Every structure is written in structure tokens, then in C-alpha cells.
There are 2 protein chains.
Amino acid sequence: MTTFISEAESAALVNDELALQAAREAFLAVTTGSTFPVVIGHSSLPHNRFTLKSGSAGDLAGVKIGSFWPGNTDLPRHSSTIVLLDPATGRLSAVVEAATANAYRTAAADALAVDTLARNDSRRLTVIGTGHQALHEVRAVSRVRSFERVLVVGRRADAALEFAAAVTAQTGLPAEPAEPQAGVEAADVLVTATTSREALFDAGWVAPGTHISAMGADGPGKQELPISLYGTASLFCDLPEQSRTIGEFQHAEGATPVALGAVLAGAAGRTSPDEITVFDSSGFALQDLTLAAALLRRHSSGASE
Amino acid sequence: MTTFISEAESAALVNDELALQAAREAFLAVTTGSTFPVVIGHSSLPHNRFTLKSGSAGDLAGVKIGSFWPGNTDLPRHSSTIVLLDPATGRLSAVVEAATANAYRTAAADALAVDTLARNDSRRLTVIGTGHQALHEVRAVSRVRSFERVLVVGRRADAALEFAAAVTAQTGLPAEPAEPQAGVEAADVLVTATTSREALFDAGWVAPGTHISAMGADGPGKQELPISLYGTASLFCDLPEQSRTIGEFQHAEGATPVALGAVLAGAAGRTSPDEITVFDSSGFALQDLTLAAALLRRHSSGASE
């Protein structure tokens, strides 16, 4: 029997806690599981793109079909469908539409990195980016440390102001717009969630002890961080090879980022309060498979928010 | 709205005519459409494999997830699920389970090649292979020419006898086992459907004017045809690059097979009654997408056999 979870159902089932647990499972599984080459395809209109990320670990095997239709106006431009195979037979086991859940999943990876790498006494969270995903990031990250204040860096003042209001509404934390330099200098934790193709700030603005989670770079040419930061910071990522190919570290000649899975396993991590830690996430299939499994468990238990 | 067609439903909807029309659409579309790199993945037990074949053409975009779980006993070892995206929005449009239909789809490609390349006066069909897929091939191929007789070449006499009886039951044609040399020498049309990793016959046995459809070679190391045949035969295939990589022509240094799509478009084909034509099929995503679309049309029209 195939289980089908629609977009409306998965959007009602997902929450930050479910996504964080699924992320933790995925990052632990990546050390023993497999991920296969990412396919970047398109429809007959080449600007409408889809990606296939597939993998397996434990009793999970399957693929996430992510799509990006930039011309969508009434619907979100991003969609996501996760297909799971039955590990015993190879037959179709479940189909989970997960566009909304995918935003939680991506934010959860960065929250997991903050939980694992940021100083426990982190109080000031700065976000660069005021888009839909950035709000998911702030909400997810705000759950893993006792932040007292959120600074919002955006290109447009009105967007930053509106975003700060949304942060307060969703997290209860005071939030306000900031200039890039002031925002970066003040940050204990800095989250970047943009579509940038160049560094968003100067490396010299980053205070000792800062943790940075960068989620924007997920393709050739994308970049959020200054290259000079690589020499002074400890570098972490989700999948080292992918991060050096399409992630932030494509710009760092010879960078050897450490997998967050190794940090979770206790083999690496922050070694001093003054260390600057950087986590780059480009996304991998096991995150999608564990997310789908978590949604299926919650679905079968009859729970939803 | 997502449409879901289960394995039982698609098995009831599919037939040779539907599959042949879908194959024709696919081979015509391949000249204007796109196919993306094939992913070969596996479950956490590496012998359980899955492949992702994706593509787009016209208003079709999507992926076929084929799985091969060799340890299946009660269920078929091959499964197939086709996922279509809505061309207007990128969202999930349909999920079609298609394990049975996939056997029709693969046979239809070879039947299309026979219809396009074999002599019109072909009367004797020989098949090498006595498996499940071979029977689909014979049934599909027998529809496109007025065959009078089928010869069956198998490694085991009892399997060949049983297969010949099944051919007669499904096609109404007289069928009998044959030794390899006699079977190949007698053939106007020769179909190979085995898992062989070496040539199944001598090139010298092939009579002038024979058409050969070879469907077995779909991975590194697989081979059904004698290499010396490449020098004397006209070579055709579904996707030239794929055929040279994982298909039959991986064994033919410098072979330049012609795409069957070019034949359908009138740009190439059989040029004399004495020509030996060879078609190698390794399978491509557009066949799966057009098959799924055909099943969806028949599903929505409420028809089934």
C-alpha cells in the first residue's frame, strides 16, 4: 500500500521540532548512508528547473524531486515531492508533497548546526536576508539558543522592517533592522539566507566566537561569505564534496570542511569560545528521506497541528 | 490535484497498442526534448538497486524510478514508478506505478524499431531468450509484421519449449525451439532479450536483410551481439550517447549508431532489402513520460481492458 501525503497535509503535520529531529537523524545517517549524484533537469522551458536528490540509509531509500518554476505567481515558485521505496521490496512506499515542509527541513539543518557549534551563551542573532526562507531560518534557529535580540540586514529598509515584525510575531523576540556592518559585528550567531553571488560582508566585521550558518549557496556561482574568512574560521558543512562543488566552499581553494555528522558523532566541533565557526548547507537527500519518514509517522499517528 | 495510478490499475490499462503509440511519441520527441544524466542508486543493501531516468519534452517533465530487488520472491524483482510534474507550475501532477506497463514500454521500443527498419516481407521471427521480458518482446513485435513462424532459442530445452507454447497462446503463431545457428540463420527479424555479457551468436549466421532488435544490454559489461557484425550492419539505437556508454555499442570502438528518432523523421533508415539493420535499446526517460501520459489519458477516459 502506497501512502500519499498531500501538500496541505504535510504543511499541517510539519513543525520545527519534527524537522529538527529529522535533520539530526539525517546528519547522523550520512556517515553510514549513501547519497547519489544530483541531477539538475528542466522542463521544455529551460528556466523551469527540477533537481533530483537521491540516497539511502538504514530502512530509507528514495528521491526528492525539487522544482523551481520562477514564473509562478499564485503558487510558490519552489515545490518538493519526496518518493520513498519500500526497503523490503523496492516498490513504491510513499509519496509526500513537501514544499512547505522543505522550508522547515532546510532551516532545521542550520538550526542543528547552531545547536551543535554556536556558543551556549549566544544571545544576539543576526540574519542577512528577508525572504520567505530567512524567516523559517530565524524561527528554527531561535529555538536552540536563548536569544535576546534579533537584527535583520536587508537590502530594502521596508522589507527589513516588515521582516523584523514577522520575527517578533513568530518568536516573541525583539527584532529590528540593522546596517550590514553593525549587524555582523553584533552577532553571536549569524544566519545568511540570500541568493547572493558575492560576499555579503567583510570578514573583519566578524567578532571572535561567532557562529555563521550559510544556507544560500546551492549552485555554481553562488556565494554569501567573504573568502578571507576561510583562513580564520573553522569550516563545517553538510556534505564536504557537494559543498566544495556547488556550496559556499566552491570559492575556497583547498578548503577541507568537516561534516556536521562528524561533529554530532563527537569527532570534531567548537574547541574554544573565541573560535569562529562556519556551517555551509547545500542540502542532501537523507534530509528529505528522514523528513518524509517523520511526516509519515506523524500522519499515521493521526496527529496534526 | 495529483492523480495516482496504482500498479493494478496501470496493469489493467496498458496494452501493446497504447505502448507502441507512446513509444512513437517518445522517439519523435527525443529530437527536441531533453534527457538528463541517469542516476544509479541503491538501498542500504547495495544489491538492491534503483535508477532515476529523467527528462522533458513538450508538456511532459518528470522521472522514472526503476528498482531492481533481486531477492524478491513473491513480488517481481523489477518495479517502476513514473512521476510527472505539472508543466505550468512544477508541482506534482501524477504518480503512476508501472512495473507491468514498463515491460510493455520496453517491448514497444523494439517493436517500433522492427516496424521502422525490418523488411515489410519479414515472415520468420526468432527470439533469443525465454524470460518474462522476451515474451513481451515477441508479442509486441509480432503485431507489426505478418509473421508466419516463431523460433525460440534458449539455453534450456524445457524453457524454450514452454516459451514456444506461451508464444502461440499469446500470438496465435506457430512457435518451436531452435538451436542458435538454425534460429539465427532462419530469422528475418531477430530479437535478443537476455542478460548476456558476451555475444549470443556468430555474425556469419546472420542472413542478408535481417533486422535485429537487441534489448538486453543496459549496463557496463552487458553484450548480446558479435562485434564483427558492426562492420557489416547498419546501426541504430534509441540514444546514441547512452548506447555507446551502457548499451550494446559500448563494445564497438568508434560506432556511430543513428537515433531511431531520425529514422521516424525520415532522415535515415533501411536503404536496401539486403541490408542488415541492428537496433539497440537501452531505454530513456521520454519513453516513460509518454507511457505515463498515455496511461493517464486512458485512466481519465475510464477505459480498461
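Author: One superposes the copies, by least squares on the C-alpha atoms of residues with pLDDT of at least 70 in both. In this predicted model, chain B can be laid on chain A with an RMSD of 0.0 Å by a turn of 180 degrees and a shift of 0.0 Å along the axis, which is the relation of a two-fold axis. The C-alpha of chain B nearest that axis belongs to Val39(B), at 3.8 Å.

Reader: What average pLDDT does chain A have?

Author: pLDDT is the predictor's confidence in each residue, from 0 to 100, and where it is low, the predicted coordinates should not be read in detail. Chain A averages 95, with 99% of the residues scoring at least 70, and the complex is given an ipTM of 0.91 and a pTM of 0.93 by the predictor.

Reader: How many residues of chain B are in contact with chain A?

Author: Two residues are in contact if their C-beta atoms, placed from the backbone, lie within 7 Å. By this criterion, 36 residues of chain B are in contact with 36 residues of chain A. The elements giving two or more residues to the chain B side are β3 (39-42), β4 (49-57), β5 (60-68), β6 (78-85) and β7 (92-97) of chain B, strands being DSSP runs (E, at least two residues) numbered from the N terminus.

Reader: Into which domains is chain A divided?

Author: Domain bounds come from an automatic or database domain assignment. Chain A is divided into domain 1 (3-102 + 286-300) and domain 2 (107-283), and the C-alpha centres of these two domains of chain A lie 23 Å apart. Between them, 13 residues of domain 1 of chain A are in contact with 14 residues of domain 2 of chain A. Helix α2 (residues 16-29) of chain A, a DSSP run of H or I with at least four residues, gives the most to the domain 1 side, with eight residues.

Key. Residues are numbered from 1 along each chain as its sequence is written. Chains are lettered from A and ligands numbered from 1 in the order in which they are written. This is a predicted model: local features need pLDDT of at least 70, side-chain atom pairs count only at pLDDT 80 or more; totals for chains, interfaces and linings use all residues.
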